[in-house]
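Hello,

Here is the structure I promised to pass on to you. Have a look at it first, and then read my notes below.

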Amino acid sequence: MRRDFHIKKLYGYLLKTYIPLFLMTFAICLFLVLMQFLWKYVEDMVGKGLGLNVIGEMFLYAALQLIPLALPLSILLASLMMFGNLGENLELLAIKSAGISLIKAMVPLIALIVLICIGTFFFQNNAMPKIQPKFYSLLISIRQKSPELDVPEGVFYKEIEGYNLYVDKKNRKTGMLYGVSIYDVSSGFQNMAVIICDSAEMRTSEDKLSLVFTMHSGQQFQNFTQGTENMNFSSEFIPYARESFVTKTMTIPYDDNFNRMEESVLQESESSNYVSKNIAQLRVSIDSLEQFIDSVNISDRKIMKQYTYLSFRNSYPQEKRDSIVEHATASMKPDMDSIFASKDIQTQTAILQNAYSKADNNGNDYLFRSMSKTTTQRNINRQWIEWHRKFTIPFACFVFFFIGAPLGSIVRKGGLGTPIVISVILFIIYYILDNVGYKMARDGVWDHWIGMWFSSMILLPLGIFLTYKAMTDSVIMSTDTYTSFFKKLFFIREKRNYTIKEVVIEEPNYAEVYQSSRELTDEVAAHLQKYGTLGYKTYWTDNGYDHSLTSIKNKMENMLNQLSNSRKPMVIEKAKEYPVLIKYVRPFNTGSTLAKLCMYIFPLGVIMKLLSLPFEKRINRDLNAVLTLNNELNEIMNNQQRKVAV
């Protein structure tokens with residue numbers, strides 16, 4: 001009962017720690033992806049005079065639409081930070097020392113993540129079909145909105161369709177424009193009108209559908225080509241009209257309103273209606289589109305069958321078709337050529353033109369059908385992508401938890417530094433894999449389920465591997481592990497570091513050390529005699545090599561541990577010269593199934609045996625060094641005993 005109480009208390013503590021951390025990281029991640037959205041679409045929103053209500057609505061829909069992108073990253077970051085803090089504060093060590101495994105401690109968090117995944121699925125299936133049409137319709141409306149009029153000084157302003165406007169100076173307080181030139185090409189270049197005036201006022205009409213220019217002290221020049229089509233003018237002379245005015249008012253069509261696009265237009269569009277459908281609706285749409293393609297394919301096959309000159313063969317039995325076709329082809333070809341050659345030139349030309357025309361019409365017809373089928377297939381792919389996305393996002397959240405939690409317990413670094421770096425790297429990898437799979441599925445290169453589950457298929461084994469390593473207290477993130485590996489790989493020797501201790505509780509018994517040295521010498525000599533040269537079969541099947549080497553290593557380390565307490569400098573210096581023995585020289589345990597498999601697969605076994613030769617030579621060289629050092633150590637101890645006796 002007491003143990004169950006402590007486990008429940010632990011579960012409550014983990015949930016109270018994780019939930020606020022998850023909410024904080026979710027807010028941070030959502031803000032980051034929202035900033036990415038802002039940088040992507042800032043050019044479509046700036047300079048169009050949009051109200052705060054429109055911008056706020058746009059950011060609201062964008063935030064809701066980006067939740068599936070921010071959720072996996074926030075789960076990964078929160079898991080890394082929490083378990084990193086637990087490891088750094090030795091709380092994970094206390095949990096494991098209490099007999100609670102890592103996976104058992106993660107049970108309440110796993111249940112929480114499952115609930116989040118279920119909620120994400122329903123959000124994707126029920127809420128996103130309503131959010132995405134609102135988001136995209138508002139985005140398209142903002143893109144189509146005309147930019148806010150802000151005529152610059154000294155340059156041509158071309159944002160008014162059909163007009164170019166040049167202003168020399170303007171008074172920003174009164175809005176008066178000075179040195180104004182207006183080039184009107186709305187009726188075509190041949191009917192262009194140019195207006196030049198000293199000053200002008202520009203305002204928008206009450207309905208915001210036109211611009212009203214009130215111009216002062218100017219002239220208007222306009223080409224005069226309408227109604228002169230039948231008059232004979234030289235190409236160098238074009239008549240024009242000239243008008244001088246003191247005050248003139250001109251109205252230019254310009255829609256400055258914000259016209260919101262209807263969501264129904266987006267939902268009814270065949271190329272984008274998938275964003276507004278749930279799983280059931282997507283499945284119905286996919287079935288109908290696939291039936292359409294099947295019907296078009298059947299129709300195409302029937303049409304092609306009618307046009308082939310071998311269509312008559314369908315009336316013959318299967319076993320006689322080939323011989324009949326060969327006979328018919330051989331007999332028809334000369335007859336057709338002779339008939340064609342007997343015609344006159346005009347008839348031959350008409351026949352060829354008719355054939356070319358039919359071929360061209362048939363080619364255009366098949367091209368149109370092919371384009372229609374390609375567009376439909378692309379639409380089917382997009383529908384399948386959206387169908388799978390309902391499941392892949394929740395599953396990605398689950399996978400990222402099983403990457404972040406064990407990785408945090410292995411790294412044992414809390415805070416925002418290391419977890420953020422690791423999270424960003426992993427999320428970039430996920431984002432790249434997800435985009436690769438999405439584009440492959442969209443273009444039909446991969447099957448839709450392979451493309452959409454590609455990132456999950458890559459990251460799921462990583463999560464399983466990290467969870468296993470965390471449960472077995474792996475040191476895969478320790479630099480010492482990789483340093484030791486490369487030292488062994490490149491034969492970099494480790495050096496023993498023994499010093500004379502200031503305080504020694506128990507000095508070594510040199511008589512026992514001497515006896516241990518003699519026994520070690522005998523065992524090393526026997527090992528070298530038996531295993532000095534490893535044969536191919538012995539390498540893969542004899543367990544005695546590993547056991548003998550392990551026994552030698554243990555005896556040598558026990559002897560050196562005793563000598564490390566010595567106060568004699570010569571003994572300490574000699575102990576420091578002993579080599580550090582490598583434990584294994586084989587990739588698999590001797591006698592195991594993999595070892596036997598490698599032995600019988602002749603090329604693979606021979607290659608591995610050759611690769612192990614440098615390690616065998618190093619071990620033999622180190623063992624010979626041990627024999628020499630044992631003799632020198634025994635001589636030093638004998639000399640020390642003689643001095644004591646004298």
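**Aromatic pairs and what surrounds them**

Searching the whole structure turns up 20 aromatic pairs. Here a pair means rings of Phe, Tyr and Trp (its six-membered ring) with centres within 6.5 Å, where planes under 30 degrees apart count as stacked, over 60 as edge-to-face and the rest as tilted. One of them is F395 with W453, an edge-to-face pair at 5.6 Å centre to centre with 65 degrees between the planes. This pair joins distant parts of the chain, 58 residues apart: F395 lies in helix α10 (residues 345-411), and W453 lies in the loop between α12 (448-452) and α13 (454-471). Helices (H or I, at least four residues) and strands (E, at least two) are DSSP runs, numbered from the N terminus.

Before going further, please keep in mind that this is a predicted model: local features need pLDDT of at least 70, side-chain atom pairs count only at pLDDT 80 or more, and totals for chains, interfaces and linings use all residues. Residues are numbered from 1 along each chain as its sequence is written, and side-chain values use heavy atoms, with hydrogens and water left out.

How covered are the two rings' residues? F395 counts as partly exposed because its relative accessibility is 27%, and W453 is partly exposed too, at 23%. (Buried means under 20% relative accessible area, exposed over 50%, partly exposed in between, with a 1.4 Å probe and protein chains only.) W446 and F454 form a tilted pair, 5.1 Å centre to centre and 55 degrees between the planes. W446 is partly exposed at 28%.

There is also an aromatic cluster made of Y18, F22, F26, F398, F401 and F402.

**Two packed helices**

α10 and α13 pack with their axes 8 Å apart, at an angle of about 30 degrees. (Axes are lines fitted to C-alpha atoms, for helices over the stretch in contact, and angles run from 0 to 180 degrees between N-to-C directions.) Among the residues making the contact are F395, V399 and F402 of α10 and L459, G463 and L466 of α13. Contact means heavy atoms within 4.5 Å.

**The whole protein**

In total, the protein has 20 helices and six strands. Of its 646 residues, 37% are buried. Among contacts with a separation of 6 or more, 73% are between residues 24 or more positions apart.

Best wishes
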